[in-house]
Amino acid sequence: MPALNADPSSGERARIAGLENVDILVGIPSFNSARTIGHVVRAVEAGLTKYFPGRRSILVNSDGGSSDGTADAVRGASVDFDSVLLEQKSGGFHKLVTPYHGIPGKGSAFRTVFEIARELGVKACAVVDSDLRSITPEWLELLIKPVLEEGHDYVAPFYLRHKYDGTITNTIVYPLTRALYGRRIRQPIGGDFGFSGRLAAAYLEKDVWETDVARFGIDIWMTTTAVAGGFKVCQAFLGAKIHDAKDPGADLSAMLHQVVGSVFDLMEEHAGTWRNVRGSEPVPTFGFAYSVGLEPIQVNLRRMIEKFRIGVRELGPFYGLFLPEDVQGVLADLAARPDRKSFVYPDDAWVRTIFHFALAAHRKLVSREHIIKSLTPLYLGKVASFVIETWDCGAAEVEGRLEELCLSFERDKGYLIERWDGKD
Amino acid sequence: MKNLIDKVVVGPLRNVVGKLESFLPNLLTGLLVFAAGLLIAWLVKLLAIRIVRLLKLDAVFARSGLTDALQKMAVKDTPAKLVGRMFFWLVAVVFSILSLSVMKVPVIDGLLERFLLYLPNVFVALIVLAIGWFLGNFLGRAALIASVNAGVGVAGLLSKGVKTVVLLFAFVMAFDELGIGRNTVVAAFAIVFGGAVLALALAFGLGGRGLARRYLEKRFGKNAENGSDEIRHL
């Protein structure tokens, strides 16, 4: 398996172009991932060998200037084919290690992957994170086959997660994007995706590579662009996602600002699309669903509720600028409850909260960053309420509870549309 | 005797009448310019109010906290009316200067010259105050949100502190621009600001030892009193 070390913007493009009839491209964005990327590269090679033996494929490592030997780890990673009972294919698999250009971030890394995909005219692509510990060769089959054999353009991941894992996704991003665009994609910001060469080319047509999309908003941007653009989307059950903790000290409000800000930005761009959507429909799901025991998660309810109370007390006048009085009343009432068991943030009030934050950002009432960051204490209140409600529930019951939340978003969508168009 | 009366009374009277004759047209012109100025100022005021309302700047001022601040200072006008009033006085002052200049009185000309030379300083001071006001509000709110998100119980106090420091700084700069008590104001600011920082340092160092210890224990201790969250938000 030849490994190219190339800068696609220079003469190496010619070498890339020399690779003809490539069907599959797998992109791995990385930055100082030497410790983990070897496993990902081996899983990709084994997956491509096992499930696509007759196809020519290329692995592209789009790196952000790692200094820990990530490139060497990629080049040096090799599969012990005997141990995985596979026969090595000759000449069908290539590796390309290339630095990306532009604003540092996952989005810029993906842009390089899209460019190479377009240049090679590949039929199907997949992108996977470089810090994955639970990736198996089957992931490649699940992310790529729906594109190659079922004609789908976009494959979103569907992971098994602990009931309190991914709370921004569960309480904001999934219900809101589902209500807006009408497709039930459970993990819209999963991080590992499959997509067609046609969709990769469509992504490149968009002029977003100097914006936040280039930095961190790429996941939700890819999902929303595929759905709003009318591409054929599906999801694939990948099992549990275990990966290195990304900066455990990362500031929650900065995280919210990045993710929720991206969703709000996309609402502006696709207002013409989501305004006409009512309800939602499931998308095809591939893969064999199973359940596994997930490690318990420690939750500090006292601290979350305390932060909610401080937020309601100190930011009350600020919320008054854009939250309606009934929602403010619910917040004040909730903050005053001494009994933890009665701490329930009702779905209806939460839906209105999110809608009014989106409207405030849309109308640019005050600094957009201030608006979104001030959501943090309310979000913690909703998470605390959700934890209290579902403490004794199993995974299926929790999923049912989230379904109720999603339906609340869908039912109230008319309220958002009316106000988006000007009504106060 | 007649010569004396002519010299002492009639002559000076003739002079006064002559000066009055030459000044009266200027006075009348000046008064006319002033009256026209008042009329134009009134029209400009109405126009300014209408523009402010059309642009919905009242809501912007309300959101920036300006309306609240004005009410706290017992200013009952809405910001739209206030802007109209400012424009009225601006035009009225310009026309007053014009009318005085038309009268051609040497003393007034001298005063006018000094006033006109000072006017840019007033404008710069006003701009500095306006920027200070908006920056104070912006940074105060940023501090409020950041400290609330960090779970700081006295977030409101911190926010007000940041806002006050920025406003104080703007006032010092404005007074410096106007040349009012230049050295005194700067020295007073340095003393107050330095004193406040020292007081805070002492307060935290002496009064907050326990708090700092608890924080460090909680942050780095093996047996944290309250378990940390393991929730992955994304």
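**Exercise 1. The interface**

Work out how many residues of chain B are in contact with chain A, and which elements and classes they come from.

*Solution.* In this predicted model, 21 residues of chain B are in contact with 33 residues of chain A. Next, assign the chain B side to elements. Helix 5 (106-149) and helix 6 (155-178) of chain B are the elements that give two or more residues to it. Helix 5 of chain B gives the most, with seven residues. Last, sort by class. The side of chain B that touches chain A has eight nonpolar, eight polar and five charged residues.

**Exercise 2. The make-up of chain B**

Describe the elements, burial and contact range of chain B.

*Solution.* Count the elements: chain B has eight helices and zero strands. Read from the N terminus, the order is α-α-α-α-α-α-α-α. Then take burial. Of the 234 residues in chain B, 15% are buried. Finish with contact range. Take the contacts in chain B between residues at least 6 apart in sequence: 63% of them join residues at least 24 apart.

**Exercise 3. A helix pair in chain A**

Classify the packing of helix 2 against helix 5 of chain A, and list the residues that make the contact.

*Solution.* Two numbers are needed. Two packed helices are described by the angle between their axes and the distance between the axes. Helix 2 (residues 34-51) and helix 5 (residues 137-148) of chain A pack at about 60°, with their axes 7 Å apart. Helix 2 of chain A is therefore oblique to helix 5 of chain A. The crossing is right-handed. From helix 2 of chain A, the contact uses A:A43, A:V44, A:A46, A:G47, A:L48, A:K50 and A:Y51. From helix 5 of chain A come A:P137, A:E138, A:W139, A:L140 and A:E141. By class, these residues divide into eight nonpolar, one polar and three charged.

**Exercise 4. The largest nonpolar core**

Find the residues with the most contacts inside the largest nonpolar core, then trace the neighbours of A:C125.

*Solution.* The largest nonpolar core has 124 residues. A:L25, A:V113, A:C125 and A:V128 have the most contacts inside it. Helix 13 (residues 347-362) of chain A gives the most to this core, with ten residues. For A:C125, leave out residues up to four places away in sequence. A:C125 then touches A:L25, A:G27, A:V113, A:A117, A:G194, A:F195, A:G197 and A:A200.

Conventions: Residues numbered from 1 in each chain as written. Chains lettered and ligands numbered in written order. Predicted model: local features only at pLDDT ≥ 70, side-chain atom pairs only at ≥ 80, totals over all residues. Core = buried A, V, L, I, M, F, W, Y, C linked by C-beta atoms within 7 Å. Buried ≥ 20, exposed ≤ 12 C-beta atoms within 10 Å, placed from the backbone. Helix = DSSP H or I, 4+ residues; strand = E, 2+ residues; numbered from the N terminus. Contact = placed C-beta atoms within 7 Å. Axes fitted to C-alpha atoms, helices over the stretch in contact; angles between N-to-C directions. Parallel < 35°, antiparallel > 145°, perpendicular 65-115°, else oblique. Left-handed = near helix turned anticlockwise from the far one by under 90°. Nonpolar A, V, L, I, M, F, W, Y, C, P; charged D, E, K, R; others polar.
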